[in-house]
Amino acid sequence: MDLRFSDEDLDFRARARDWLAANVPGTPRPAGGHAASQFDRDWQKKLYEHGWAGVAWPKDFGGMGLSGLQQVIWYEELSRAHAPAAHISTTYVAQMHAGPTIIARGTEEQKAYHLPRILSGEALWCQGFSEPNAGSDLAALRTSGRVEGDHIVVNGAKMWTTDAMHADWMELLIRTDPASQRHKGLTWLAFDMKTPGIDIKPIRTMLLDEHVNMVFFDEVRVPLSAVVGQLHGGWSTAMATLSFERGLGFIADQLELFEKVGRAVRLAGEMRGPDGLPLIEDVEVARKLAAIKAETMAIRAMTLADIAETDRTGMPGPKGSMMKLKVTATHKALTRLVSDILGWQFFEFDGNRDNNPWTHDFLWSWVFSIAGGSSEIQREITADRVLELPRSR
Amino acid sequence: MYLAPEGEELEIAAAAADFIADALPIERLHQGAGPDMGAELRASLGEMGWFALALPEGDGGSGLSAVEHALFFREVGRQCGPLDILVQALACLSTYDGGLRAALIAGEQGAALLVPDGMGHRLIGAADARYGLAVMHQGAALHDLAVAKIEPRPALDPANSLAIVNDPGPVIDSIEGAYIWQLGQVGVAAMLLGLAEAALDAIVEYAKVRETFGKPIGAWQAVRHACADMAVSNEGARAQLWYAATALKEGRGDAQAHLDAAKHLANEAALFATDATIQLHGGIGVTDEHNAHLLMKHAALLARLFGGRNELLASLLHAELED
């Protein structure tokens, strides 16, 4: 065992820190709308122009080819520099899902077309996996694709599509073989959001935002050249996407928690209880904060352990589900505690995350423990793949 | 950066697992074995050098580190091994001359733990131990128990003797510095981790064979999800312990904070896993013949030592951490 980063890693950290200190945008990311997605595109373009795009991508495809540990360092430095957070950017699906999937399964033409556009921030992507009747049970999806000559005609509805209105492309998973069941007969499409026949309806969440959407497809014609991987072989393509996300997709969330605990401790030093004393002197508040701090230390250790292992084996292990369970539970505990620390300020909320970030995060804690595989699904995956218990389904 | 046993660490962990499972299997506690390690086992542990893993070679040790120490005590914990094995290892840090350290390393003389209790002390470990070790944050005192009046008490935890000692006798050596406390934290946290892992392993194996309503209980989500929660809490405790033991080995400035977090997470993981394993086993889990209660009782004791919850959390809150 060894906690020391290599000289190469330390050098990378120093370079990242210097560049970020000089280049992080001076204005905060707008809370939403077109302004937010334009901000994300601009930041991505800046990263691209200075050689900091595609941290997780191989060099052959224009990425930086960083090791997992260097990616951890990159996200730590982003957080330290208060740089735009990668995991709440409209570039996330393109960077973390679509790009890696096209790298793994795309044709040469698809790679040549899409990858540079993703890296430069020119193309934003959204995800079309979940449906009204296929969430945790993704293989129950029913949006259909009828093959007609050199086109696929799509009908159905997708749900929980984040930032659909800003996206240029969608990773669209549909059922192309009408006789098929479950995981068979699916196809993964690189879908152009300008195609006629789609209708985007925002879903207002309890956060009072409209970032997620339903997307309806009515006789939408897609060329066969949009198929990534095999026609009717989309499950395999989709799993390539999800395994990537489970390996590295939550690093930024994991590391951001560390920073949030620090903020909560400072807040508890400022806010006063009914007795007039700073809340940090309240023994219950202090102990709960310290226990959450210990959890975030464990999360960082788990992240480093898992990523160092993946760097050696080249294969993401099954531990991502355990990480997501711990991160989401700890995030929930932290936001609950801060809701008490904040007093009446907690109850002021206008839907803008910048105006009251803690109340926003409190509400978001449920999104976090449901989206990307709910905690119940993560426990199932852990029971299957880590503990190898008898199957429940 | 690598946070799992590798290379020679794996060999030491495997050797420790074999030795402890053979010399000190948890089944001993169902077969009339008494508490503590006893003179015979103490001598054979000494002969193998297990007490002095983290001691420099020049001082008669193996010249290894807190990491190997952790790997060894995880195996001790897994078999519900007694605390005095760790106390013996800590007492070996004494620099008192006159052959005392050599006798401790060889297991010729025993040491038990002294813990303050009201106006006096509790003694955890064999009443025939020659030495009592009282460990504090910044050092330890080694008492000669030869003339101490030791009042044995019935012990909840069958792995360790418990006694009251009002006057633990003369201090024959003071061991300066935080290292002995830190090595104690690593050892107890590792024992708790081993206990937590054993508790999870036991229910996972049972869940594959025990059937209810026509299915193995491991196919019911009520059982699967509780096991998954145990796995998550064990994983966090394990990763943090490896981090902390390595921080101590490398002399990092934030080692104490990482040790406090590791001990806290090991406490929580062991208390949770030993509780859950009894519950999920059902009726058999509350019987004396089962291992589950042995793990639970041992975990309850160890969670108090080298930092209980309140003490650890108080020191952790404002601790600064390095990259």
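Author: Let's go with helix 7 of chain B: 26 of its 29 residues are buried, so the helix is largely enclosed by the rest of the structure. "Buried" means that 20 or more other C-beta atoms lie within 10 Å of a residue's own, with exposed at 12 or fewer, partly exposed in between, and C-beta atoms placed from the backbone. Helices (H or I, at least four residues) and strands (E, at least two) are DSSP runs, numbered from the N terminus.

Some housekeeping: this is a predicted model, where local features need pLDDT of at least 70 and side-chain atom pairs count only at pLDDT 80 or more, while totals for chains, interfaces and linings use all residues. Residues are numbered from 1 along each chain as its sequence is written, and chains are lettered from A and ligands numbered from 1 in the order in which they are written.

Back to the helix. It runs over residues 221-249, and its end C-alpha atoms are 41 Å apart, which agrees with the 42 Å that 29 residues should span at 1.5 Å a residue (the expected span is 1.5 Å times one less than the number of residues). Just after helix 7 of chain B, B:Gly251 takes a positive phi of about 65°.

Now for the core. The largest nonpolar core has 217 residues, and B:Cys227, B:Leu241 and B:Ala244 are among those with the most contacts inside it. Such a core is a set of buried Ala, Val, Leu, Ile, Met, Phe, Trp, Tyr and Cys residues joined through C-beta atoms within 7 Å. B:Leu133 and B:Leu192 are also on that most-contacts list. Helix 6 of chain B (residues 179-209) gives the most to the core, with 20 residues.

Zoom in on B:Cys227. Beyond its neighbours within four places in sequence, its contacts (C-beta atoms, placed from the backbone, within 7 Å) include B:Leu200, B:Ile203, B:Val204 and B:Ala207, and also A:Ala383, A:Leu387 and A:Leu389 from chain A.

That brings us to the interface, where 37 residues of chain A are in contact with 39 residues of chain B. Helix 8 (283-313), helix 9 (320-341) and helix 11 (375-386) of chain A each supply at least two residues of the side that touches chain B. Helix 8 of chain A gives the most to that side, with 16 residues.

As for chain B overall, it comes to 10 helices and nine strands, and 55% of its 323 residues count as buried. Its C-alpha trace spans about 65 × 50 × 40 Å along its principal axes.

Definitions and conventions:
Two residues are in contact if their C-beta atoms, placed from the backbone, lie within 7 Å.
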